[in-house]
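Subject: Structure handover

Hi,

Here is the structure you will be working with. Please open it and keep it beside this email as you read.

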Amino acid sequence: DDDADADDADAEARTQSTSEWYRLPPGIHSNLMVCDSIIKVKSCRVYRNALISNTHVGFNAVVIQCGRISTTSSEGIAYGRLSISVGAESGGGRKLELTSEHTMIDVCRQLRSSGPSALPSLPSSTVPLNIIGEGCIVRDTPTIQNIFLHNHSSIEAATSVDTATLFPHSSIRGSCTVSNVLLQWDSSIMDHSCVTDTLLMEQAHCGPSSIVASTVLGPDVHVAAGEVHASIVGPNTNAHHQSLVIGVLWPLGRGNVGYGANVGSNHTGRLPDQETAAGEGVFWGLSNVIKFPVDLSFAPYSIVAAGTTLPPQRVCMPFSLIMENGKANEIIPGWVLQSSPYTLARSEKKYATRRKAKRHHHYTGWKIFRPETMAMCHWAKNALEVGTAQEKRIDGVGACELSARSKDAGIRAYTECLQRYALHGLLRWILHVTDTGKIALDMNVLEHELADTSRTLSISTVDPTAKVEWPTFPWDMKGIGEWDYQKQLLLELFPLDQNSSLWLEDALLKLVALEKDLSRRIHRSKQRDDSRGAKTIP
């Protein structure tokens with residue numbers, strides 16, 4: 001994994017850089033003025049700074065060749081707190097009260113709430129000093145004020161840093177201009193970036209040449225060369241190229257922003273008072289133009305194809321492809337499931353192996369195929385079928401055109417996805433009760449399990465077109481049995497109207513057929529790209 005190798009190399013470089021500074025003798029040397037400060041003289045290195053005032057320099061810290069290091073308030077600084085507005089930049093932005101230890105769960109709790117009364121109360125303690133903790137490095141930065149550096153964090157060769165809290169092993173470096181930021185563990189701002197009023201969660205990285213303002217960057221998010229304003233960007237999201245993201249509420253993240261994508265046409269000619277809600281895993285293609293308001297929160301893992309201009313609308317078809325057909329936008333529901341399953345297989349592996357934010361690990365590892373995602377597919381399948389039967393415009397396709405062929409392909413894609421998910425649940429239950437096949441399955445036990453339908457449906461099947469609200473978040477599903485939901489699907493898709501032994505045999509044979517078909521399509525979708533390249537490039 002190239003990202004993992006790069007992060008390991010950065011960690012090694014930081015360790016080596018720190019050890020090199022320890023070759024200097026400890027003490028205070030060649031500074032113009034040091035006043036009103038607390039300094040561990042016997043262990044720290046404080047060299048050639050213009051002014052250090054109101055600063056605590058801890059054990060083994062290095063402060064060298066900086067301009068002015070000071071505070072701006074005699075009453076103290078409230079470190080670790082941040083108030084921002086996300087979404088619409090004018091006339092109705094969503095207020096967030098953040099702390100340096102917030103998770104996406106905390107952020108989403110405020111996102112769902114309405115009114116300031118739902119915001120958490122924060123402690124009012126302040127500190128009258130800059131804090132430079134044990135093993136920290138602060139060097140070659142002209143202006144620094146109001147900083148709290150936890151142990152082994154660093155500010156190196158920045159342009160200006162004003163009001164920042166850095167957790168261990170986080171860093172600001174490389175000609176950056178930074179103000180009002182909270183950096184969690186192992187996060188970084190680097191290389192000519194400008195970041196203001198932003199929370200970077202663990203392993204989030206800005207740079208090179210990023211402009212980020214009034215934003216929450218979730219764990220394992222990478223933003224480079226583009227602009228992000230007034231947004232919430234969830235875990236494992238990448239914007240590695242020159243792009244624009246404004247007023248985007250993307251709490252579940254896991255998506256990608258292609259080069260030249262303009263997800264930020266939020267100005268109506270009067271005020272920048274619009275926003276968009278992006279679904280989990282949405283891919284914004286090259287040179288997209290997204291005109292607000294747009295809601296894709298109920299269309300997870302959908303792709304907005306390169307060059308598509310998306311007018312204001314609400315789309316509720318998961319795993320879809322939205323593209324221009326020369327006259328208008330066309331939607332193919334379930335296209336990713338049917339025609340690009342390799343994308344999902346690769347993503348499942350990627351999300352499992354590239355999660356480095358250890359302190360957020362307990363809630364960021366959800367699976368793509370889970371009850372709440374399947375409930376969206378179930379609703380979309382029913383919407384396509386009902387629209388066909390009643391010969392009316394189909395709900396959930398937004399302003400896009402839907403051809404008869406695409407509609408049939410969507411019904412098939414969602415049906416097979418639901419069948420495979422339900423049958424996998426049946427297989428896991430059988431392996432569990434038979435101790436992985438070591439004992440025979442008692443058919444009476446199976447019949448009793450399937451007959452037990454007294455429990456309510458495990459997940460809400462809310463009509464996303466009836467009420468504008470957020471979908472169920474993965475961390476809201478604790479305590480709900482996945483098998484209960486899979487069993488409900490199983491009995492709906494495969495009614496038990498015959499001998500249970502024959503029913504079981506037919507169900508497992510169907511699972512085998514579905515898996516073989518999926519394997520062929522995964523191989524074919526990857527092979528198509530490989531062969532196309534070999535036939536085109538010498």
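Start with helix H6, residues 371-390, which holds both Lys381 and Glu385. The two are four residues apart, or about one turn of the helix. Their side chains meet in a salt bridge, at 3.4 Å from N to O. Lys381 has a relative accessible area of 8%, so the residue is buried. Glu385 is partly exposed, at 31%. Bear in mind that this is a predicted model.

Side chains of opposite charge can pair when their charged atoms come close. The count for this model comes to 17 salt bridges.

Another of them joins Asp295 and Arg314, with 2.4 Å between N and O. Which parts does this pair tie together? Asp295 belongs to strand E33 (residues 294-295) and Arg314 to strand E36 (residues 313-314), so the bridge links parts that are 19 residues apart in sequence. Are these two buried or exposed? The cut-off for buried is under 20% relative accessible area. Asp295 is at 12%, so Asp295 is buried. Arg314 is at 19%, so Arg314 counts as buried too.

Next, look at Arg139 and Asp140. Their closest N and O atoms are 2.6 Å apart, and they form a salt bridge. Arg139 is partly exposed, with 21% relative accessibility. Asp140 is also partly exposed, with 25%.

Salt bridges can also join up. Arg254, Glu280, Arg370 and Glu372 are linked in a network of them.

Rolling a probe the size of a water molecule over the atoms shows where empty space is left. The largest pocket holds about 890 Å³ of space. It is lined by 36 residues, and the closest to its centre are Phe283, Thr343, Arg346, Ser347 and Lys350. Helices H1 (2-21), H3 (335-339), H4 (341-353) and H10 (500-536) each give two or more residues to this lining. Which helix gives the most? H4 does, with seven residues. By type, the lining has 16 polar, eleven charged and nine nonpolar residues.

Last, the surface. Ile28, Val34 and Val41 form a nonpolar patch there. Together they have about 210 Å² of accessible area. Find Val41 in the loop between strand E3 (38-39) and strand E4 (45-47). Val41 is partly exposed, at 43% relative accessible area.

Best wishes

Key
Residues are numbered from 1 along each chain as its sequence is written. This is a predicted model: local features need pLDDT of at least 70, side-chain atom pairs count only at pLDDT 80 or more; totals for chains, interfaces and linings use all residues. Side-chain values use heavy atoms; hydrogens and water are left out. Patches are made of residues with over 30% relative accessible area and no salt bridge: like charges are joined within 9 Å, nonpolar side chains (Val, Leu, Ile, Met, Phe, Trp, Tyr) within 5 Å. Accessible areas come from the Shrake-Rupley method with a 1.4 Å probe; for residues, only the protein chains shown count as cover. A salt bridge is a side-chain nitrogen of Lys or Arg within 4 Å of a carboxyl oxygen of Asp or Glu. Buried means under 20% relative accessible area, exposed over 50%, partly exposed in between (1.4 Å probe, protein chains only). On a 1 Å grid over the protein atoms alone, a cavity is a set of points where a 1.4 Å probe fits but cannot get out, and a pocket is an open set with protein on both sides within 12 Å along at least five of seven lines; lining residues have an atom within 4 Å of a point. Grid points are joined across faces, edges and corners, and a volume is the space filled by probe spheres set on the points. Ala, Val, Leu, Ile, Met, Phe, Trp, Tyr, Cys and Pro count as nonpolar, Asp, Glu, Lys and Arg as charged, and the others, Gly among them, as polar.
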